[in-house]
Amino acid sequence: MIRMLVPAASALALLAACGQNDNQMAQDPVDAAQDAASVPVGQMSAATLGANTVEGYVTNAAIGDMYEIQAAEIALERSQNAEVRELAQMIRDDHTAASQRMQSIVQGGNIDAELPTELDERRQGLIDNLREAYRFDEVFIDQQVAAHQEALTLHRGFADNGDVPALAAHAREVTGPIERHLQRARALDQ
């Protein structure tokens with residue numbers, strides 16, 4: 001019995017050691033697929049409901065800002081790349097300012113919309129994937145390109161179609177920083 005336990009225990013220990021690296025390597029492709037599946041959902045949401053209704057715009061813009069701030073904070077903790085950290089700092093600063101302006105507009109303007117206090121399931125999944133990413137900088141940059149494309153669709157759509165002047169002005173105002181973030185993320189993706 002003991003002769004069987006020693007080789008079995010050794011085999012399990014070897015498999016566990018190998019499995020750690022395999023799990024880390026296998027995790028990113030699964031997360032990349034999940035993140036990629038999120039892209040068309042986000043674009044469709046931004047182009048339809050988000051860009052065409054006050055509640056949809058406020059909700060999507062606020063959740064987008066929350067996601068960006070959290071993702072940037074994770075990047076500032078995890079990335080060792082100075083350019084990625086610089087982009088993350090810019091994203092955190094700009095989206096924090098945008099979030100504060102949105103909150104001020106909604107709370108002070110008799111706007112019939114509630115500001116969300118937590119991420120939706122899709123963006124929470126992106127944050128979870130980012131926290132666990134083995135190749136962090138690649139995952140962060142890929143997510144930022146997709147998120148900023150989605151944000152541009154949302155804000156441009158509401159700026160063109162929104163019927164609340166203060167919110168439409170906000171949408172126009174934030175497109176500049178979002179475009180700069182997207183350009184930087186794309187440059188880092190090269």
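A residue counts as buried when its relative accessible area is under 20%, with a 1.4 Å probe and protein chains only. Ile127 has 0% relative accessibility and is therefore buried. The structure discussed here is a predicted model.

**Overall composition**

The protein contains 6 helices and 0 strands, and its elements run α-α-α-α-α-α from the N terminus on.

| Property of the protein | Value |
|---|---|
| Buried share of the 190 residues | 42% |
| Share of contacts (separation of 6 or more) made by residues 24 or more positions apart | 78% |
| Accessible surface | about 10,400 Å² |
| Share of the accessible surface belonging to carbon and sulfur atoms | 54% |

**Helix H4**

Ile127 lies in helix H4. This helix covers residues 121-132, 12 residues in total. From the first C-alpha of H4 to the last, the distance is 17 Å, close to the 16 Å expected at 1.5 Å a residue. Besides Ile127, the buried residues of H4 are Arg122, Arg123, Gly125, Leu126, Asn129 and Leu130.

**Surroundings of Ile127**

Which residues does Ile127 touch, not counting those up to four places away in sequence? They are Tyr67, Gln70, Ala71, Ile74 and Leu119.

Key:
Residues are numbered from 1 along each chain as its sequence is written. This is a predicted model: local features need pLDDT of at least 70, side-chain atom pairs count only at pLDDT 80 or more; totals for chains, interfaces and linings use all residues. Side-chain values use heavy atoms; hydrogens and water are left out. Helices (H or I, at least four residues) and strands (E, at least two) are DSSP runs, numbered from the N terminus. The expected span of a helix is 1.5 Å times one less than its number of residues. Buried means under 20% relative accessible area, exposed over 50%, partly exposed in between (1.4 Å probe, protein chains only). Contact means heavy atoms within 4.5 Å. Accessible areas come from the Shrake-Rupley method with a 1.4 Å probe; for residues, only the protein chains shown count as cover.
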